[in-house]
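Thanks for coming, everyone. Let me put the structure up, and then we will walk through it piece by piece.

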Amino acid sequence: MIRALLNIIGLEQGDTVLDPFIGSGTTGVEAQLLGINCIGIDVSPLCVLQSKIKTESIDVQLQIEEWKEEVTKRIRPSLYNLEGKTIDDAINLIHDEKVKNFYNMAKLVAISDNVRRGREFSNAFLKNLELMISSVNDYVEIVKKLNLKLGKTDIKTGDSRALPLNNESIDGIITSPPYSIALDYVSNDAHALKELGYDLSDIREEFIGVRGKGQARPNLYNDDMKKSLEEMFRVLKPEKYVVIVIGNATYMGQEVKTVEFTINYAEKIGFKLVKNIDKIIFGLYNVMQKENILIFQKMRRR
Ligand SMILES: C[S@@+](CC[C@H](N)C(=O)[O-])C[C@H]1O[C@@H](n2cnc3c(N)ncnc32)[C@H](O)[C@@H]1O
């Protein structure tokens with residue numbers, strides 16, 4: 001879907017797309033494959049790490065292979081260690097940041113498998129590592145086979161309400177912001193965020209959609225989304241497009257009209273809605289049934 005949207009909004013090799021809520025990096029990967037440069041921002045250090053792994057590990061394929069033995073020999077299935085201390089010793093020896101990120105991610109996925117699914121940590125780590133390495137190898141092979149000229153990626157921690165970007169510097173935006181209060185990204189990733197050394201109550205204040213309690217929460221969400229939409233408008237070049245994938249969620253028994261809110265506010269600040277596509281979603285039936293793909297064009301300066 002993201003690849004189709006990159007094409008629909010007319011982005012070409014060498015252009016720059018922004019995703020101010022990059023999440024696990026889908027926009028980054030698809031842009032990279034098409035030779036489009038991508039700037040990805042997310043408030044979650046875990047998401048930034050995920051997105052970096054997906055787009056940067058191919059640069060260090062050989063070093064990842066070289067470190068495999070050193071890291072895996074530290075695993076002692078009999079000395080089960082939830083904190084991954086023995087693996088940490090090996091990971092800390094790695095100097096290259098991309099290689100280090102790769103092994104840290106494999107460790108975090110294993111912790112998640114252990115905490116959420118009750119899988120044994122060492123086995124989960126070894127299995128995930130194999131899958132991740134073969135995925136990097138596949139990516140490198142396909143790039144060679146198809147002779148792809150990859151786009152550059154720049155993925156960093158940041159806040160969509162205050163983007164670290166110049167005015168009118170971006171050729172297109174494709175993003176899916178938090179769906180109102182449908183998912184609590186902080187609780188969802190609590191174990192990994194703690195492992196990365198973050199204080200959950202501090203970090204909660206930065207996350208859109210999880211701030212405040214009761215009726216205050218949707219109001220804070222709307223305020224935060226207004227700022228984010230204004231920032232998207234500021235950094236986008238005139239006449240260019242922003243695609244926002246978003247849905248209405250149910251909160252405290254009531255439907256929160258996030259889609260209508262987004263359309264109204266975006267049009268108020270100078271975007272024009274050029275397309276609104278309904279898309280059924282699967283798996284979140286309790287909070288939402290469909291999402292909308294909203295395509296806006298930046299029509300005028302504010
Ligand atoms: C719906 S998800 C994005 C999913 C993404 N499209 C993907 O493919 O994985 C929304 C993201 O917004 C991030 N987020 C929440 N508040 C933010 C903020 N103030 N600035 C930037 N990102 C934020 C969350 O961490 C989460 O990754």
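Look just past helix α2. There, G35 takes a positive phi of about 80°. A word on the source: this is a predicted model, where local features need pLDDT of at least 70, side-chain atom pairs count only at pLDDT 80 or more, and totals for chains, interfaces and linings use all residues. Residues are numbered from 1 along each chain as its sequence is written, and side-chain values use heavy atoms, with hydrogens and water left out.

Buried means under 20% relative accessible area, exposed means over 50%, and partly exposed lies in between, with a 1.4 Å probe and protein chains only. The buried ones are T27, G28, V29, E30, A31, Q32 and L33.

Take G28. This glycine sits in α2, which spans residues 26-33. G28 counts as buried because its relative accessibility is 0%. What does G28 touch, beyond its neighbours within four places in sequence? I22, C38, T55 and T153. Contact means heavy atoms within 4.5 Å. For a sense of distance, G28 and K127 lie 99 residues apart in sequence and 25 Å apart in space, C-alpha to C-alpha.

N128 counts as buried, because its relative accessibility is 11%. Leaving out residues up to four places away in sequence, N128 touches A106, V109, A110 and D113. A general point on helices: an α-helix has 3.6 residues a turn, so residues three or four places apart point the same way.

Now the strands. Two strands pair if DSSP finds at least two bridges between them. Start with β4, residues 170-175, and β5, residues 236-246. They pair in the parallel sense over 5 bridges. In that pairing, I170 stands opposite L236 in β5.

β5 has another partner, β9, residues 290-298. Those two run antiparallel, over 6 bridges. I244 has L294 as its bridge partner in β9.

And β9 pairs with β8, residues 271-280. That is antiparallel too, over 9 bridges. K279 stands opposite E291 in β9. How much of β9 is buried? 8 of its 9 residues, so to say it plainly, the strand is mostly covered.

Two residues with positive phi deserve a look. Most residues other than glycine have a negative phi. E168 has a phi near 45°, and E168 is not a glycine. E168 lies in the loop between β3 (153-157) and β4. With 26% relative accessibility, E168 counts as partly exposed. E239 has a positive phi of about 75°, and is not a glycine either. Where is E239 found? In strand β5. E239 is partly exposed, at a relative accessible area of 47%.

On to the second largest pocket. A pocket, on a 1 Å grid over the protein atoms alone, is an open set of points where a 1.4 Å probe fits, with protein on both sides within 12 Å along at least five of seven lines; lining residues have an atom within 4 Å of a point. About 170 Å³ of space lies in this one. Its lining includes P45, L49, N104 and E195. Helices α3 (45-56) and α6 (97-117) each give two or more residues to that lining. The largest share, 4 residues, comes from α6.

Finally, the chain as a whole. Its secondary structure comes to 12 helices and 9 strands. Of the 302 residues, 51% count as buried. The C-alpha atoms fill a box of roughly 60 × 50 × 35 Å, along the principal axes. Among contacts between residues at least 6 apart in sequence, 72% join residues at least 24 apart.

Note on methods:
Grid points are joined across faces, edges and corners, and a volume is the space filled by probe spheres set on the points.
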